[in-house]
Amino acid sequence: MNMRNNTSLKKWLPMLLVAVAFLILLLAVSQFLSDRSENENYILLQRAVQRAAVECYALEGFYPTSLTYLEDHYGIAIEESAFFVDYQYVAANLMPDITILPRH
């Protein structure tokens, strides 16, 4: 009986190892795609906030005093659970200091 269990194990072990390797590969690819998506969202948000601030300056003659102004008047939407945005107003004629950090 012991010999039979041993033979059965030898038969299924390669398939089990392949399945485990495939699962590990699938998880690694999933993590890579998730990280890539987060990075793209970060870049898009950074460009959108800067573009909205410059658009405000071009149309209204001043840089907005707060991020809320950009959200209310220029359609900026920030996913606060994913990103921290520090918007430091400098002066009406100077580009604000905008820092965006991903939250993990």
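Buried, in this talk, means under 20% relative accessible area, exposed means over 50%, and partly exposed lies in between, with a 1.4 Å probe and protein chains only. By that rule Val20 is partly exposed, with a relative accessible area of 41%.

Some ground rules. This is a predicted model, in which local features need pLDDT of at least 70, side-chain atom pairs count only at pLDDT 80 or more, and totals for chains, interfaces and linings use all residues. Residues are numbered from 1 along each chain as its sequence is written, and side-chain values use heavy atoms, with hydrogens and water left out.

Back to Val20, which is found in helix H1. Helices here are DSSP runs of H or I with at least four residues, strands are runs of E with at least two, and both are numbered from the N terminus. Together with Leu9, Leu13, Leu16, Leu17 and Ile24, Val20 makes a nonpolar surface patch of about 570 Å². A patch takes residues with over 30% relative accessible area and no salt bridge; nonpolar side chains (Val, Leu, Ile, Met, Phe, Trp, Tyr) are joined within 5 Å, and like charges within 9 Å. The areas come from the Shrake-Rupley method with a 1.4 Å probe, and for residues only the protein chains shown count as cover.

Next, charges. Side chains of opposite charge can pair when their charged atoms come close. A salt bridge is counted when a side-chain nitrogen of Lys or Arg is within 4 Å of a carboxyl oxygen of Asp or Glu. The count comes to 1. Which side chains meet in that salt bridge? They are Arg36 and Glu40, at 3.4 Å, N to O. The two are 4 residues apart in helix H1, so about one helical turn separates them. Arg36 is partly exposed at 47% relative accessible area, and Glu40 is partly exposed at 41%.

Now the inside. A nonpolar core is a set of buried Ala, Val, Leu, Ile, Met, Phe, Trp, Tyr and Cys residues joined through side-chain atoms within 4.5 Å. The largest one has 17 residues, and those with the most contacts inside it are Leu45, Val49, Leu67, Leu70 and Ile100. Two or more residues come from each of helix H1 (2–60), helix H2 (67–74), strand E1 (83–88) and strand E2 (97–102). H1 gives the most, with 5 residues.

For contacts, I mean heavy atoms within 4.5 Å. Leaving aside neighbours within four places in sequence, Val49 is in contact with Leu67, Leu70, Ile76, Ile98 and Ile100. Gln50 is in H1 and is partly exposed, at 32% relative accessibility. Its C-alpha is 9.9 Å from that of Leu70, 20 residues away in sequence. Also in H1 is Ile43, partly exposed at 29%. The C-alpha atoms of Ile43 and Ile100 are 9.3 Å apart, with the two residues 57 apart along the chain.

Which residues of H2 are buried? Leu67, Leu70 and Tyr74 are. Seen down the axis of H2, these fall within an arc of 70°, so they line one face of the helix. That arc is taken from the directions from the helix axis to the C-beta atoms. Just after H2, Gly75 takes a positive phi of about 70°.

Last, Tyr87 in strand E1. Tyr87 is buried, with a relative accessible area of 10%. Again leaving aside neighbours within four places in sequence, its contacts include Ala53, Pro64, Leu67, Leu70, Pro96 and Ile98. Tyr87 and Gln50 are 37 residues apart along the chain, with their C-alpha atoms separated by 10 Å.
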